[in-house]
Amino acid sequence: MQNFDFYNPTKIVFGTETIARLSKLVPPAARVLLLYGGSSAQKNGTLDEVRAALGAREVQDFGGIEPNPTYETLMRAVEQIRREKLDFLLAVGGGSVIDGTKFIAAAVNFEGDPWSIMESHGRVVKSALPYGSVLTLPATGSEMNNGGVVTRKATMSKLAFSSSHVYPQFSILDPSKTFSLPVRQVANGVADAFTHIVEQYLTYPADGMVQDRFAEGLLQTLIEIGPKAIADPEDYAIRANLMWVATLALNGLIGAGVPQDWATHMIGHELTARYGIDHARTLSIILPSNLQIRRESKHAKLLQYAERVWHLSEGSEEERIDAAIEKTRAFFESLEIKTRLRDYDIGADAIDLLINQLQAHGMTQLGEHKDVTLAVSRRVLEASL
Ligand code: NZQ
Ligand code: ZN
């Protein structure tokens, strides 16, 4: 196991009727900006509960943060905060609203070009406004981590940043607030969390015995509850477990001290930036072919994944690896997520363009061995057609 620091200051408040706790979690004298997406949080009553809990505090609104939040939209919130001298942010929504809030928190007091926060992947961030979140969509883990992804519409760049300054102070996770999610978003959440675990687990053996067992437990839980979460939208126990798995999948715990891949995510981001495909769907397209193309360097972990996650013990090593990759694809398809580029009307002619984007964004040495060059990414994309 490699040396590591593990630090996670986010307080999680989990369960039903927890939104009322905002009255104590938000400082009494805070001047609050309430950030949300489209209409979902209003429609399912979450925003009303949040407003009631905030009571007499000064509260302003910033709605309209879109899925895959854009720099252009987020900078309008930055202006409002500066103009109105607001000092506490409260994100209500899924990963897009929380990620957008992280960027805003870091940009408000940033001197210089705020886009350099994204171009430096967060290295230039020296401070951020305090904020909390109320999560409505289990998927990204953004509610308990220090990462965010922002898209600049003008240049079709979707970049990730992280900084120790942008952990949420607290996140409220009320599983019943996810009952109103459309099937497509539930499926996306399962596939995104699944891929987060795989990115940190399916690399090469590194003596992370606890991390491996923990990751395998989270993957098996998703395999068990994913289809149920789709079939029965109001099963509280299933939604509660989905929410907690998605949080644990990317709060730093399973990735501490072990190698991490993230090539699937980086290639996927280009597909979202260029074609607007949902984040989780890009992962479902790229992950099976990424495992296929890199099966030699991932050989030992693929065998472990086959045996411990999918219980495949018959046949030769190569047959077991084939079967595990096929099971992964079939799992995504069982969630009604299509796993081929052609299913999204994207053909071979797109590949040069996607490779150029990866190059422009510095994504030329990806993966746990930094050996996913543009040539390897090209093979992954070709295998995804
Ligand atoms: O905009 P509204 O009307 O609120 O609708 C949203 C949105 O259309 C809807 N929704 C959310 N909660 C709902 C609901 N609809 C009904 N009932 C509810 N309770 O769901 C739609 C999608 O929301 P979004 O926040 O975009 O989804 P998600 O949580 O999947 O976030 C995706 C974003 O997170 C980034 C992705 O790249 C993408 O931009 N990621 C962030 C990560 C992180 N911070 O660590 C890691 C991930 O790998 C990922 O890259
Ligand atoms: Zn993701």
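The model is predicted: local features need pLDDT of at least 70 and side-chain atom pairs pLDDT 80 or more, whereas totals for chains, interfaces and linings use all residues. Residues are numbered from 1 along each chain as its sequence is written, ligands are numbered from 1 in the order in which they are written, and side-chain values use heavy atoms, without hydrogens and water.

The shell around ligand 1 (residues with a heavy atom within 4 Å) holds 33 residues, of which Gly38, Ser40, Gly95, Ser96 and Asp99 come nearest. Among the polar contacts (pairs of N or O atoms within 3.5 Å), a backbone N or O atom of Gly38 lies 2.7 Å from an oxygen atom of the ligand. A nitrogen atom of ligand 1 lies 2.9 Å from a backbone N or O atom of Lys177. Taken alone, ligand 1 exposes 960 Å² (Shrake-Rupley method, 1.4 Å probe), and the protein buries 87% of that.

Strand β4 (residues 88-93; strands are DSSP E runs of at least two residues) is largely enclosed by the rest of the structure, because 6 of its 6 residues are buried, that is, under 20% relative accessible area with a 1.4 Å probe and protein chains only. Phe88, Leu90 and Val92 point one way from β4, and Leu89, Ala91 and Gly93 the other way. Strand β4 pairs in the parallel sense with β2 (residues 31-36) over 5 bridges, where pairing requires at least two DSSP bridges. Within this pairing, Phe88 is the bridge partner of Val32. Strand β5 (residues 131-135) also pairs with β4 in the parallel sense over 5 bridges, with Val134 as the bridge partner of Val92.

Terms used:
Polar contact = N/O pair within 3.5 Å; in protein donor to acceptor, adjacent residues only side chain to side chain. Buried < 20%, exposed > 50% of the residue type's maximum accessible area, 1.4 Å probe, protein only. Helix = DSSP H or I, 4+ residues; strand = E, 2+ residues; numbered from the N terminus.
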